[in-house]
Protein chains: 2
Amino acid sequence: MTLELISQARIFDGWQRTYSHQSAATGTTMRFAAYLPPQAEAGPVPVLWFLSGLTCTEDNFTQKAGAQRVAAELGLMLIAPDTSPRGPGVPDDAENAYDFGLGAGFYVDATTTPWSAHYRMRSYIEDELPELVGASLPADMTRQAISGHSMGGHGALTIALRNPGRFRSVSALAPIGSPMNCPWGEKALTGYLGPDRAFWREYDACALIADGARVPELLVDQGAADNFLTSQLKPELLEKACADAAIPLTLRRQEGYDHSYFFIASFIEDHLRYHAEALR
Amino acid sequence: MTLELISQARIFDGWQRTYSHQSAATGTTMRFAAYLPPQAEAGPVPVLWFLSGLTCTEDNFTQKAGAQRVAAELGLMLIAPDTSPRGPGVPDDAENAYDFGLGAGFYVDATTTPWSAHYRMRSYIEDELPELVGASLPADMTRQAISGHSMGGHGALTIALRNPGRFRSVSALAPIGSPMNCPWGEKALTGYLGPDRAFWREYDACALIADGARVPELLVDQGAADNFLTSQLKPELLEKACADAAIPLTLRRQEGYDHSYFFIASFIEDHLRYHAEALR
């Protein structure tokens with residue numbers, strides 16, 4: 001596996017890069033964005049993974065969150081992957097819906113036809129990409145943290161829950177609380193995994209916690225004016241799961257904020273500082 | 001003239017809004033973005049205009065520059081207009097080129113057919129929109145500053161030069177130095193104004209300065225790795241014009257930076273603080 005540098009630009013005295021590479025997990029060419037802070041010129045730096053939400057590519061967080069300024073100050077590498085496989089032969093939802101198929105990989109390894117051939121975002125994000133980043137970039141893989149937004153916020157939670165000890169800290173912005181209990185999740189898990197809900201549990205943060213998975217603590221920000229709050233995100237489900245399992249959850253309901261990158265931009269600094277403290 | 005609120009989102013405890021309105025200047029429906037900092041809830045706040053570059057709408061600066069964080073701290077309203085008229089009946093470049101027609105109004109009042117019917121961005125930005133902002137938003141129009149990027153950086157310079165006393169401070173990021181002396185500018189001014197270069201001079205910062213227009217001082221940032229530096233932007237022309245006219249110009253050549261919003265994001269805070277100081 002070799003990385004191809006697609007583009008790079010100077011930002012806050014570091015480098016914002018886009019790489020592409022052949023992925024064994026997805027069987028496609030994948031792209032991801034990497035911010036290398038100025039400190040990376042002197043040696044390996046800790047890594048913050050940021051998983052994006054529905055419809056996003058590696059560009060959305062990179063262009064809209066304003067995270068590089070703080071990452072440059074704190075010496076954090078930011079890795080922003082794409083949200084699904086793409087390209088020739090990769091199937092999409094029949095109606096090109098935004099919440100399934102392209103741009104909506106849900107960080108699962110699909111087991112159903114035709115999705116299982118390429119939609120293997122769990123293996124990609126959990127195994128293949130970390131190996132590639134660790135081997136190719138000045139990343140200190142003993143110091144990793146993970147965060148994300150919406151579908152990606154939930155992806156971050158589940159990846160951390162399934163890989164205890166890998167991440168020193170975990171946070172999310174407006175994450176889906178429990179895909180087994182919302183229309184987005186039910187559609188995606190039915191489509192990618194089939195109707196047997198027993199197979200869904202490893203892709204549901206609340207079910208993982210109920211089944212014994214743990215993280216040391218969680219930081220979650222949620223806009224109180226988020227259009228998807230009551231229909232899809234349901235942070236109260238995550239709140240109950242954490243309470244039942246005695247996982248310390250800091251859930252901040254931010255008055256007036258919606259689901260957009262304007263919300264993310266407003267609070268990403270808090271998340272980066274939270275992770276930098278844990279990564280110290 | 002009434003404003004229609006198209007969308008709004010909370011960001012850094014203020015409001016990012018998109019408005020539309022019927023424009024008498026362009027004869028079209030125009031859109032602009034306005035950031036209202038938290039201080040605007042208590043009364044009028046000073047205004048920073050930001051004019052965008054080729055291909056942009058009101059969204060680019062709003063979504064990618066990361067300016068709201070600092071504007072919220074400093075209590076600045078940010079106004080980001082569109083870069084051309086759009087909509088039914090508005091002609092575009094025959095080849096849909098990015099550097100003429102839609103997205104490329106160059107902040108001029110066109111005098112040629114078919115452009116003169118709608119491409120009147122000078123009147124729109126210089127007269128109509130300020131009147132509308134002053135009448136409809138909590139803006140202290142006695143305290144205005146102006147900045148912009150590329151085509152819009154040059155637009156900011158020319159609007160300030162033609163309206164002495166209106167803006168307390170003027171800055172630009174990677175502005176076109178002299179459209180009369182670069183391919184982008186020669187194409188645009190020929191197209192919108194015809195071949196007689198005498199009519200171009202009021203739309204060229206260096207010519208305006210040579211003809212006696214003045215601003216108290218200028219701040220300009222320019223990426224040293226900007227792809228358009230030597231072919232289009234030519235900051236040395238502006239440097240010479242300012243030197244000849246004894247206009248204090250702070251021209252900062254930023255090593256490694258290109259023409260993108262990653263460059264703008266890296267230095268916009270300096271510009272906002274520069275303007276806030278003048279607007280105090």
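Predicted model: local features only at pLDDT ≥ 70, side-chain atom pairs only at ≥ 80, totals over all residues.

Biologist: What makes the two copies related as by a two-fold rotation axis?

Modeller: Chain A superposes on chain B by a rotation of 180° with 0.0 Å of shift along its axis, at RMSD 0.0 Å. The two copies are therefore related as by a two-fold axis. As for where the axis runs, the C-alpha of K64(A) is the one in chain A nearest to it, at 2.5 Å.

Biologist: Now strand 8 of chain A: why is it called largely enclosed?

Modeller: Buried means under 20% relative accessible area. Six of the six residues of strand 8, residues 218-223, are buried, so the rest of the structure largely encloses this strand.

Biologist: How do you know that both faces of strand 8 of chain A are covered?

Modeller: L218(A), V220(A) and Q222(A) lie on one side, L219(A), D221(A) and G223(A) on the other, and all of them are buried.

Biologist: What makes strand 8 of chain A a partner of strand 7 and of strand 9?

Modeller: Pairing takes at least two bridges. Strand 7 (residues 167-173) and strand 8 of chain A have three, in the parallel sense, with S171(A) bridging to L219(A). Strand 9 (residues 249-254) is joined to strand 8 by six bridges, also parallel, and L249(A) in strand 9 stands opposite L218(A). Both counts meet the cut-off, so both pairs qualify.

Methods. Residues numbered from 1 in each chain as written. Chains lettered and ligands numbered in written order. Heavy atoms only, no water. Buried < 20%, exposed > 50% of the residue type's maximum accessible area, 1.4 Å probe, protein only. Helix = DSSP H or I, 4+ residues; strand = E, 2+ residues; numbered from the N terminus. Least-squares fit on C-alpha atoms with pLDDT ≥ 70 in both.
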